[in-house]
Amino acid sequence: MGRVGFRAAIASALALTIATAAPLSASERAPSARNAPSEYSARGQRIRQANYSVRQTSDHASRILALHNAERRRLRVPDLVWNAHLEREAAEWATYLSRSGVLQHADDRTRNGTGENLWMGTSGGWDVDGMVGMFLDERRHYRHATFPDVSNTGNWADVGHYTQIVWRDTREVGCAVASARGNDVLVCRYFPAGNVMGRRAH
């Protein structure tokens with residue numbers, strides 16, 4: 001499905017993957033914009049920072065960035081840099097999702113126009129290599145063509161996480177893992193967002 005943005009048609013979809021330990025994943029593209037940090041859920045409720053745990057460490061951040069950039073280097077795409085502002089926004093949304101137990105993208109206001117990759121799984125069942133690895137595994141379906149004709153399955157959502165990771169115009173990333181109610185959630189935010197209709201990933 002899609003919608004029309006200011007200068008380009010922007011892809012918008014929720015792709016879910018189910019595997020052992022019940023991880024789910026999703027990615028979406030929205031128009032590029034950057035505003036103040038968000039502190040509200042999709043329902044407009046302020047996120048309370050109690051009753052949850054953000055499992056973020058400097059090792060997590062370094063490893064997530066390394067996994068992204070290893071694939072980008074393989075394709076000769078410029079490295080991403082870590083953005084602490086995006087990391088804070090990702091942590092807020094990961095907290096909300098882990099507490100709700102439902103995987104859904106933040107709305108445009110909450111996401112401030114950044115791209116977003118999401119993953120959910122059983123708490124403690126996965127390390128960040130496994131989480132990001134599920135995004136990267138979509139490479140097997142990727143075909144190098146103009147978006148959205150980028151998957152050999154015929155469905156761009158089957159590669160949407162991967163294309164966001166390797167999108168040439170994306171320059172910054174910030175991710176966080178939060179745990180609550182038996183769920184681990186990884187949220188990655190990307191600026192500028194990828195998956196733009198009519199363009200190639202790299």
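His161 is buried, with a relative accessible area of 0%; buried means under 20% relative accessible area, exposed over 50% and partly exposed in between, with a 1.4 Å probe and protein chains only. The model is predicted: local features need pLDDT of at least 70 and side-chain atom pairs pLDDT 80 or more, while totals for chains, interfaces and linings use all residues. Residues are numbered from 1 along each chain as its sequence is written, and side-chain values use heavy atoms, without hydrogens and water.

His161 lies in helix α5 (residues 160-166). Helices here are DSSP runs of H or I with at least four residues, numbered from the N terminus. The side chain of His161 makes a polar contact with the side chain of Glu138 at 2.3 Å. A polar contact is a pair of N or O atoms within 3.5 Å; within protein, one must be able to donate a hydrogen and the other to accept it, and residues adjacent in sequence count only if both atoms are side-chain atoms.

| Helix | Buried residues |
|---|---|
| α2 | His85, Leu86, Glu89, Ala90, Ala91, Glu92, Trp93, Ala94, Thr95, Tyr96, Leu97, Ser98 |
| α4 | Val128, Met131, Val132, Gly133, Met134, Phe135, Leu136 |

In α2, 12 of the 17 residues are buried, and the helix is mostly covered. At its start, a side-chain oxygen of Asn83 comes to within 2.8 Å of the backbone nitrogen of His85. Just after α2, Gly101 has a positive phi of about 75°.

Helix α4 (residues 128-136) is largely enclosed by the rest of the structure, because seven of its nine residues are buried.

Conventions. Helix = DSSP H or I, 4+ residues; strand = E, 2+ residues; numbered from the N terminus.
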